[in-house]
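Hi everyone, thanks for coming. Let me put the sequence and the structure up, and then we can walk through them together.

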Amino acid sequence: MRSRFDRIRHALSFELIGLALIIPLGASAFGASAHEIGLIALLCSLVATGWNYLYNLLFDRWMQRRYGHAQKTPGLRIAHALLFEAGLLLALAPYIAWQLGVSLWHALVMDMSFALFYVGYAFVFNWLYDLLFPAPRASARS
């Protein structure tokens, strides 16, 4: 299992790099100001950071119980990213609609666009993170 420090480093680096990418992309794609998208992205990032920590902890515990380790196959990485984003999608679309004064449908489409970006980003980021900071292997029990 990963240490608390490692989980915090993971969550913070994921969100900071994601913000640096999504603010200019979102402003350009949706014709909103970088300030508007930045405010939305920042609040969503704060929610996502907390969810990231909790979700990864629960997912790793589930993997530990089910498989005896937390190493993810490519298929598990895809499921991991999709489930993470689905939870955020349901939680954040109403906020986006309220903040931008758009319909819930429009906000859902915007949020799905952000989610699609983050699914690919999460897959690549987590793979690279695991290469740079490998999870400790479970020790053999006597």
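**Confidence, a surface patch and a cavity**

So, the protein chain has a mean pLDDT of 88, with 96% of its residues at 70 or more; pLDDT is the predictor's confidence in each residue, from 0 to 100. This is a predicted model, where local features need pLDDT of at least 70 and side-chain atom pairs count only at 80 or more, while totals for chains, interfaces and linings use all residues. Residues are numbered from 1 along each chain as its sequence is written, and side-chain values use heavy atoms, without hydrogens and water.

Helices here are DSSP runs of H or I, at least four residues, numbered from the N terminus.

Leu42, Leu43, Leu46 and Val47 make a nonpolar surface patch of about 340 Å². Areas are Shrake-Rupley, with a 1.4 Å probe and only the protein chains shown as cover. Leu43, in helix α2 (residues 34–67), is partly exposed at 33% relative accessible area, that is, between 20% and 50%.

And inside? Of its 19 lining residues, Cys44, Ser45, Leu92, Phe114 and Tyr118 are closest to the centre. A cavity is a set of points on a 1 Å grid where a 1.4 Å probe fits but cannot get out, and lining residues have an atom within 4 Å of a point. Helix α2 gives the most to this lining, six residues.

Methods:
Patch = residues over 30% accessible without salt bridge, like charges linked within 9 Å, V, L, I, M, F, W, Y side chains within 5 Å. Salt bridge = Lys/Arg side-chain N within 4 Å of Asp/Glu carboxyl O. Helix = DSSP H or I, 4+ residues; strand = E, 2+ residues; numbered from the N terminus. Buried < 20%, exposed > 50% of the residue type's maximum accessible area, 1.4 Å probe, protein only. 1 Å grid on protein atoms, 1.4 Å probe; cavity = no way out; pocket = protein on both sides within 12 Å on 5 of 7 lines; lining within 4 Å.
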